[in-house]
Amino acid sequence: MAALTTIISTSSSSSLLTKTQHSLLKHNKDHDHVPVPSSSFMGTPTTISLKSTRPRTVGIVSVSSFRVSCSAASSSSTVVPSALLFDCDGVLVDTEKDGHRISFNETFQEKELGVTWDVDLYGELLKIGGGKERMTAYFNKTGWPANAPTGEQERKDFIASLHKRKTELFMALIEKKLLPLRPGVAKLIDQALSQGVNVAVCSTSNEKAVSAIVSFLLGPERAEKIKIFAGDVVPRKKPDPAIYLLAASTLGVEPSRCVVVEDSAIGLAAAKGAGMKCIITKSGYTKDEDFLNADAVFDFIGDPPEERFDLAFCGSLLEKQFVS
C-alpha cells in the first residue's frame, strides 16, 4: 500500500481546534515541519507534518487555516471511498437559519398559531432530528396552540399538515436559488463521481426538500447520479445510525469503506454508530458543538485557492485504518 504524506499549510488565522489539539499544534519556531501525532487530529496512530507557508515566531496554528492534501507514492494505488455520503442541511447548503427556520415561522403565521422561533431557540431545537419531531417536542414542552386539535392522532395529522406547508415554502426558496451551495461541495461531488465513487445524501429532512436542493443547486446531471435517503425512509432519525446503514446496504458497500460529511453532533453520532469515517464541516448553528469523535474537522470543504480538503484526503482516512 502506498505511503501517504499529509501536509497542512497555513493560510489564515481562524480556529477550529479543541484545547487538546491546540496544545499539540503549537508552532515550532526552529523548524518548518513539526511532527504531530495524528491521533490528536484524526484518531489514527500515524504522524502528520505541519508546514508553514510563511515564517511565524509565535502563535497557535488552527485547523481552519489549513489546506489538507494527501499524496500517494503511486497515484494508481490511491484509495478512494466506496461511498461518499453527505448530510444535507448545513453541509450542502447552510439552510437552517435563513431557510428552514423562516419557512417554519411563515407556516406558523399562516395558521395563526402565535408561535415564532427566533435564531437562538431554533438552534436549540436543532438538537432534535426531523421537522415533525421538532414541532411535536416544542408543543409538548410549551403547550399546544389554542387552535390545535386535542386527540393524539389528530395532532399527528396537524403536525404533518404544518410540515407539508413548511416544505412547500422552503422549496420555493430553493427553486429561486436564494440559498447557495457551501464552498467546495460541487467540487468534491464531481471528484467522487469522476472516480466512480457512490455519492448519496442522507438527511432527516423531507425527501422533496432534499431532492429540490440536489436538483436545483447541484444541477440535473449531478442529481441523476446521486442517491437520496431522506425523511421518513427510516423509522428512527439521527443520531440513530439507521439512515447511514440503509444507504450502505442499498448501495451495496461496507460501512467501513464509507466517508460521511456532516456538520452536527447528532449527525456525527449517526455516522460513527454506523461504523463510518466522518468529516465535520462546521455550520452556523454547529460551530460550538463537540466533535472530538470526528476523524477530521474543518470550517468548510472549499474551492481552490481556499480548499480545505479533497477526495484524496477522504480516501486517506480509510487507508490509515490499515496502519498497525
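Me: At roughly what angle do the axes of helix H5 and H6 cross?

Reply: This is a predicted model, in which local features need pLDDT of at least 70 and side-chain atom pairs count only at pLDDT 80 or more, while totals for chains, interfaces and linings use all residues. Residues are numbered from 1 along each chain as its sequence is written, and side-chain values use heavy atoms, with hydrogens and water left out. Helices (DSSP runs of H or I, at least four residues) and strands (E, at least two) are numbered from the N terminus. The axes, which are lines fitted to C-alpha atoms over the stretch in contact, with angles from 0 to 180 degrees between N-to-C directions, come within 9 Å for H5 (residues 131-142) and H6 and cross at roughly 125°.

Me: How are H3 and H6 oriented to each other?

Reply: Helix H3 (residues 96-110) packs on helix H6 (residues 152-175) with the axes 8 Å apart and an angle of about 130°. Angles under 35 degrees count as roughly parallel, over 145 as roughly antiparallel, 65 to 115 as roughly perpendicular and the rest as oblique. H3 and H6 are therefore oblique.

Me: Which residues of H6 make the contact with H3?

Reply: On the H3 side, the contact involves Asp 98, Gly 99, His 100, Ser 103, Phe 104, Glu 106, Thr 107 and Glu 110. On the H6 side are Leu 162, Arg 165, Lys 166, Leu 169, Phe 170 and Leu 173.

Me: What is the centre-to-centre distance of the aromatic pair Phe 104 and Tyr 122?

Reply: Rings of Phe, Tyr and Trp (its six-membered ring) pair if their centres lie within 6.5 Å; planes under 30 degrees apart count as stacked, over 60 as edge-to-face and the rest as tilted. The pair of Phe 104 and Tyr 122 is tilted, with 50° between the planes and a centre-to-centre distance of 6.1 Å. Phe 104 belongs to helix H3 and Tyr 122 to helix H4 (residues 119-125), so the pair ties together parts 18 residues apart in sequence. The distance asked for is 6.1 Å.

Me: Is Thr 281 buried or exposed?

Reply: Buried means under 20% relative accessible area, exposed over 50% and partly exposed in between (1.4 Å probe, protein chains only). Thr 281 is found in strand E9 (residues 277-281). Leaving aside neighbours within four places in sequence, its contacts include Gly 90, Arg 182, Val 261 and Phe 309. Because its relative accessibility is 1%, Thr 281 counts as buried.

Me: Which residues of helix H10 are buried?

Reply: Helix H10 spans residues 242-251 and is followed by Gly 252, whose phi is positive, near 70°. The cover over its buried residues includes strand E5 (83-86), strand E6 (198-203) and helix H11 (265-273). The buried residues are Ala 242, Ile 243, Tyr 244, Ala 247 and Ala 248.

Technical notes
Contact means heavy atoms within 4.5 Å.
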